[in-house]
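Subject: Structure handover

Hello,

Here is the structure I promised to pass on. Please open it alongside this email, and my notes follow below.

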Amino acid sequence: MASISVQDLRRRMYVKAKSDPTWRFWGLYVHVCKPETLQEAYAVAKANAGAPGSDGVTFEAIEAAGVEPFLAQLRDELVSGSYRPLPTRKHAIPKRRTGERILQIPCIRDRVVQGALKLILEPIFEVDFQPGSYGYRPKRTAHQAVARVAEAIAHYKTRVIDLDLHNYFDNVQHHQLLAMVAKRVSDPAVLRLLKLILEAIGRKGLPQGGPLSPLLSNIYLTPVDRMLERAQETTRHGPYRHVTYARWADDRATRTPRRAKSSGGGAAREMGVGPPEPLCRERFQTTASCAG
């Protein structure tokens with residue numbers, strides 16, 4: 001029987017995940033290891049270019065030696081279970097306000113593996129993501145997030161509750177993230193590979209710079225998005241919503257009418273949905289500002 005393309009597989013997985021929100025997918029690892037998946041992941045990694053990782057291997061060096069043997073060796077390691085991610089290369093860049101952001105740049109071989117895993121997992125979890133989430137999702141852009149905020153302002157939601165997940169990428173708890181993935185994935189080999197990728201960066205956190213991190217970040221923050229979705233419905237009066245939110249990665253802006261009361265730590269209670277989810281409660285910082 002002819003093998004289906006990666007894109008056809010992704011479409012079928014998306015349809016199944018959408019039709020059955022409780023379905024747990026199995027038999028995924030074989031698709032992660034397929035030559036077609038690895039080839040597409042390599043193409044995406046090359047298109048994004050980027051500096052080499054800790055091993056110093058560049059795309060030019062891989063192309064000179066041959067992409068096919070490079071991917072074949074990577075596939076053999078994945079199939080045999082001998083694959084181990086290499087340490088990331090850390091690179092500091094200044095933040096917009098103060099301090100530095102530490103990028104952790106994986107080696108190209110590890111970018112390909114992460115990209116292959118993302119290709120298989122993304123359509124499963126995409127259906128679970130909420131309407132107010134825009135960052136690093138297919139067919140979603142920052143302009144759409146800005147448009148959502150602009151529409152809220154046009155409806156007199158001029159009070160901003162800025163939810164800052166303090167040092168978010170450094171504090172993601174691996175056991176909680178793995179448990180979230182396991183709600184939709186029952187393939188032990190996939191979960192083992194994901195655990196290896198996470199353990200390569202330490203006991204907690206996500207590497208800013210890895211192709212898989214944006215997807216994992218969205219999975220981890222989906223419970224908070226659901227909390228805000230409930231807030232929208234709890235505060236609704238007919239067609240009018242008193243709360244609108246937009247999230248891009250770990251940046252989130254929630255807009256309410258200006259006449260609403262003070263925010264601070266009681267922001268979630270004020271919206272009638274209780275405190276933030278436990279996984280993010282300790283890292284919430286809220287500030288309120290008003291636009292004229």
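How many helices and strands does the protein have? There are 13 helices and six strands. Please keep in mind that this is a predicted model.

**Overall picture**

The protein has 292 residues, and 47% of them are buried. I also looked at contacts between residues at least 6 apart in sequence. Of these, 75% join residues at least 24 apart.

The largest nonpolar core holds 55 residues. Leu28, Val112, Leu117, Leu177, Leu193 and Ile219 have the most contacts inside this core. Helix α6 supplies the largest share of the core, with 10 residues.

**Helices α6 and α10**

Start with helix α6, residues 108-126, and helix α10, residues 188-199. Their axes come within 12 Å and cross at roughly 135°. Angles over 145 degrees would count as roughly antiparallel, and 65 to 115 as roughly perpendicular. The crossing of α6 past α10 is left-handed.

Which residues make the contact? From α6 come Val113, Gln114, Leu117 and Leu121. From α10 come Val190, Leu193, Leu194 and Ile197. Sorted by class, this contact has seven nonpolar residues, one polar residue and no charged ones.

Three of these residues get a closer look here.

- Leu117: setting aside residues up to four places away in sequence, Leu117 touches Val32, Val190, Leu193, Leu194, Ile197 and Leu212.
- Leu193: this residue sits in helix α10. Its relative accessibility is 2%, so Leu193 counts as buried. Not counting residues up to four places away in sequence, Leu193 touches Tyr29, Val32, Leu78, Tyr83, Val113 and Leu117. Leu193 and Leu78 are 115 residues apart along the chain, yet their C-alpha atoms are separated by 8.7 Å.
- Gln114: this residue is in helix α6. Is Gln114 buried or exposed? Its relative accessible area is 7%, and the cut-off for buried is under 20%. Gln114 is therefore buried. Leaving aside neighbours within four places in sequence, Gln114 is in contact with Pro106, Ile197, Gly210, Pro211 and Leu212.

**Helices α3 and α5**

Next is helix α3, residues 35-48, which packs against α5. The angle is about 120°, and the axes are 10 Å apart. That angle makes α3 oblique to α5. The crossing of α3 and α5 is right-handed.

On the α3 side, the contact uses Pro35, Leu38, Gln39 and Tyr42. On the α5 side, Val67, Phe70, Leu71, Arg75 and Leu78 take part. The residues divide into seven nonpolar, one polar and one charged.

**Arg84**

Where is Arg84 found? Arg84 lies in the loop between α5 (67-80) and β1 (89-94). Its relative accessible area is 42%, so Arg84 is partly exposed. Leaving aside neighbours within four places in sequence, Arg84 is in contact with Arg109, Asp110, Arg192 and Leu196. Arg84 and Ala200 are 116 residues apart in sequence, and their C-alpha atoms are 8.4 Å apart in space.

- Ala49: phi is positive, about 55°, although Ala49 is not a glycine. Ala49 is in the loop between α3 and α4 (59-65). With a relative accessibility of 39%, Ala49 counts as partly exposed.
- Lys139: phi is positive, about 65°, and Lys139 is not a glycine either. Lys139 is in the loop between α6 and α7 (142-154). Its relative accessible area is 81%, so Lys139 is exposed.

**Where to look**

Then turn to Arg84, in the loop between α5 and β1.

Best wishes

Key: Residues numbered from 1 in each chain as written. Predicted model: local features only at pLDDT ≥ 70, side-chain atom pairs only at ≥ 80, totals over all residues. Heavy atoms only, no water. Axes fitted to C-alpha atoms, helices over the stretch in contact; angles between N-to-C directions. Helix = DSSP H or I, 4+ residues; strand = E, 2+ residues; numbered from the N terminus. Left-handed = near helix turned anticlockwise from the far one by under 90°. Contact = heavy atoms within 4.5 Å. Nonpolar A, V, L, I, M, F, W, Y, C, P; charged D, E, K, R; others polar. Core = buried A, V, L, I, M, F, W, Y, C linked by side-chain atoms within 4.5 Å. Buried < 20%, exposed > 50% of the residue type's maximum accessible area, 1.4 Å probe, protein only. Parallel < 35°, antiparallel > 145°, perpendicular 65-115°, else oblique.
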